[in-house]
Amino acid sequence: MMEKKIIQTEMAPAPIGPYNQAVAAGGFLFISGQVCIKPGTSELNNSDIQAETHQVMHNLKAILQEAGTDFNSVVKTTIFLSDMNLFSEVNEIYGKYFDGAFPARETVAVKGLPKNVNVEISMIATV
């Protein structure tokens, strides 16, 4: 059986359900979808789509750092949007967190996201 390690940091929001922030297994890090919750609170940073996207990326960065890695090791992301009309603004901010070696990705519009946020992003990285 493959060993798995639970990754948890106070620098990212605590899970709001029966899941972990991330799990490392088989040389990969699987990060649960992150929304714009400010760490240590239940408060949303969603004054606009830019603030919301930056908060999501900061939460992901904190989890990557806790696992001993960074955005350069991300091989796959999934972006969920409440409205595909937000794509260009989210895409512009998202792209600034990578140094050019972008991961594989899909972006999908969904009917609803937790806490009625506009963006949720999950990641798979190597560790």
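**Close-ups of a predicted model**

Tyrosine 94 is buried, and phenylalanine 98 is buried too (that is, under 20% relative accessible area with a 1.4 Å probe, protein chains only). This is a predicted model, where local features need pLDDT of at least 70, side-chain atom pairs count only at pLDDT 80 or more, and totals for chains, interfaces and linings use all residues. Residues are numbered from 1 along each chain as its sequence is written, and side-chain values use heavy atoms, with hydrogens and water left out.

**View 1. Rings around tyrosine 94.** Tyrosine 94 and phenylalanine 98 make a tilted pair, 4.9 Å centre to centre with 50° between the planes (rings of Phe, Tyr and Trp, the last by its six-membered ring, pair with centres within 6.5 Å; planes under 30 degrees apart are stacked, over 60 edge-to-face, the rest tilted). Arginine 105 lies over the face of tyrosine 94, 4.9 Å from the ring centre (CZ of Arg or NZ of Lys within 6 Å of the centre and within 35 degrees of the ring normal).

**View 2. Contacts of methionine 123.** Beyond its neighbours within four places in sequence, methionine 123 is in contact with residues including Leu29, Met57, Phe71 and Phe98 (contact means heavy atoms within 4.5 Å).

View 3. Strand β1 (residues 4-7) runs antiparallel to β2 (residues 22-25), joined by four bridges (strands are DSSP runs of E, at least two residues, numbered from the N terminus; two pair if DSSP finds at least two bridges). Alanine 25 in β2 stands opposite lysine 4, and its bridge partner in β3 is phenylalanine 28.

Note on methods:
Buried < 20%, exposed > 50% of the residue type's maximum accessible area, 1.4 Å probe, protein only.
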